Amino acid sequence: MTVITEIEDLRRLYRRRVPKMFYDYCETGSWSQQTFRENTTDFDQIRFRQRVAIDMTNRSTAVEMLGQEVAMPVALAPVGLTGMQHADGEILAARAAENFGVPFTLSTLSICSIEDVAAHTRKPFWFQVYTLKDDDFMQRLMARAHDAGCSAIVITLDLQVHGQRHKDLKNGLSAPPKLTPAALANMATKIGWGLKMLRTPRRGFGNVIGHAEGVSDPSSLSAWTAEAFDAALDWDRVRQLIDMWGGKVILKGILDVEDAKKAVEVGADAIVVSNHGGRQLDGALSSIRALPAIVDAVGDRIEVHFDSGIRSGQDVLKAWALGARGCMIGRAFVYGLGAMGQAGVTRALELIHKELDTTMALCGRRTLADVDRDILLVPEGFEGRWA
Ligand code: GLV
């Protein structure tokens with residue numbers, strides 16, 4: 001058995017254990033995947049300042065995100081189809097998150113429904129909403145999230161239209177998977193995955209099936225997205241949704257200073273600087289390059305969170321030092337889930353925590369409150385001069 005020392009170990013195990021269709025769904029970006037790649041390679045350009053002979057005892061990574069105490073500034077990102085990566089995946093990931101003391105975000109396009117996750121967890125989770133054309137569905141979705149005790153909603157703003165990921169089309173991605181000869185041949189090599197999947201009743205889009213009318217084929221993500229998602233979404237509609245919810249709101253998918261300012265104007269509580277993990281606008285700036293200007297523009301008026309490219313606690317620390325007050329991890333937890341179920345998600349969180357804590361110490365800081373831009377060496381022109 002491999003000794004798991006880094007997130008990459010989990011990814012390798014995940015790749016062996018989960019059908020190709022779902023591995024590819026997770027591990028892909030749109031079109032040429034430039035933004036997907038740069039989300040991680042741009043992190044590598046930033047270095048730390050090593051400091052020594054500073055008392056390193058009594059360290060803590062605990063902070064608050066959205067007024068909620070967390071063990072470290074990390075939340076599990078909303079990831080569609082998580083329950084296809086491992087049977088009952090959303091429930092398992094939510095449990096790992098609550099035991100660790102970080103927020104879990106349930107995707108609208110989850111396999112386990114809001115009610116199901118609430119019934120199998122003890123703490124409130126965050127709920128991510130896609131903006132759909134069907135207003136009745138949206139009202140019911142928000143009411144269901146309220147009834148389930150969700151403590152915030154995350155409105156995804158960067159998926160009004162679907163960025164093409166070639167592999168999903170080639171693999172015929174769907175939930176439950178269509179049993180084509182190629183898919184069957186591949187699944188036959190993923191016995192553990194298949195047996196668990198056969199034993200669970202949760203195999204379709206739990207928040208949608210039986211709740212949305214006029215959805216002809218909810219199994220096909222891209223077809224359903226094209227049919228149901230509200231391509232007309234604008235800031236007035238965002239305002240309406242904020243009012244409809246009436247609680248804490250995080251706007252996800254902000255990559256531009258002008259949009260960050262709009263998010264402040266409409267009264268959001270937080271934003272997530274994100275390019276959807278490089279899955280939407282290929283050729284967009286990496287999130288980590290976009291972060292500093294957004295923090296400069298709105299960081300004193302709104303809580304700025306970050307996602308896209310986090311694969312380690314070192315990445316979390318870099319984002320924190322550049323002003324992010326929380327990081328969402330998507331792929332990093334899905335690797336753990338696909339590799340080892342709930343224990344794998346816990347392992348991913350432990351790895352990230354250890355890396356964060358040790359790196360903070362070696363930079364000469366004991367708490368995240370003491371960490372600022374000063375711990376970093378950022379190459380000149382890192383953000384880029386774009387005209
Ligand atoms: C959905 O949000 C996706 O990126 O597939």
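**Exercise 1. How far does a polar side-chain atom of R165 lie from an oxygen atom of the ligand?**

Solution. The model is predicted.
- Step 1. Find R165 and the ligand. The separation is 2.5 Å, from a polar side-chain atom of R165 to a ligand oxygen.
- Step 2. Apply the cut-off. A polar contact is a pair of N or O atoms within 3.5 Å, so this pair qualifies.
- Step 3. Check the cover. The ligand has 190 Å² of accessible area on its own, and the protein covers 94% of that.

**Exercise 2. List the residues that surround the ligand, and sort them by class.**

Solution. 
- Step 1. Read off the shell: Y25, Y130, L159, R165, H276 and R279.
- Step 2. Sort the shell. Three residues are nonpolar, one is polar and two are charged.
- Step 3. Look at Y25. An N or O atom of the Y25 side chain is 2.7 Å from a ligand oxygen.
- Step 4. Turn to R279. Its side chain places an N or O atom 2.7 Å from an oxygen of the ligand.
- Step 5. The site is the largest cavity.

**Exercise 3. Describe the largest pocket and its lining.**

Solution. 
- Step 1. Take the volume, which is about 540 Å³.
- Step 2. Go to the centre. The lining has 26 residues, and G253, I254, L255, D256 and D259 are the closest to the centre.
- Step 3. Assign elements. Two or more lining residues come from each of α12 (235-245), β8 (248-254), α13 (257-265) and α14 (287-298).
- Step 4. Pick the main contributor. α14 gives the most, with four residues.
- Step 5. Classify the lining: 14 nonpolar, six polar and six charged.

Definitions and conventions:
Residues numbered from 1 in each chain as written. Predicted model: local features only at pLDDT ≥ 70, side-chain atom pairs only at ≥ 80, totals over all residues. Heavy atoms only, no water. Near = heavy atom within 4 Å. Polar contact = N/O pair within 3.5 Å; in protein donor to acceptor, adjacent residues only side chain to side chain. Areas by Shrake-Rupley, 256 points an atom, 1.4 Å probe, with all protein chains shown as cover. 1 Å grid on protein atoms, 1.4 Å probe; cavity = no way out; pocket = protein on both sides within 12 Å on 5 of 7 lines; lining within 4 Å. Sits in = over half its atoms within 2 Å of the grid points. Nonpolar A, V, L, I, M, F, W, Y, C, P; charged D, E, K, R; others polar. Points joined across faces, edges and corners; volume = space filled by probe spheres on them.
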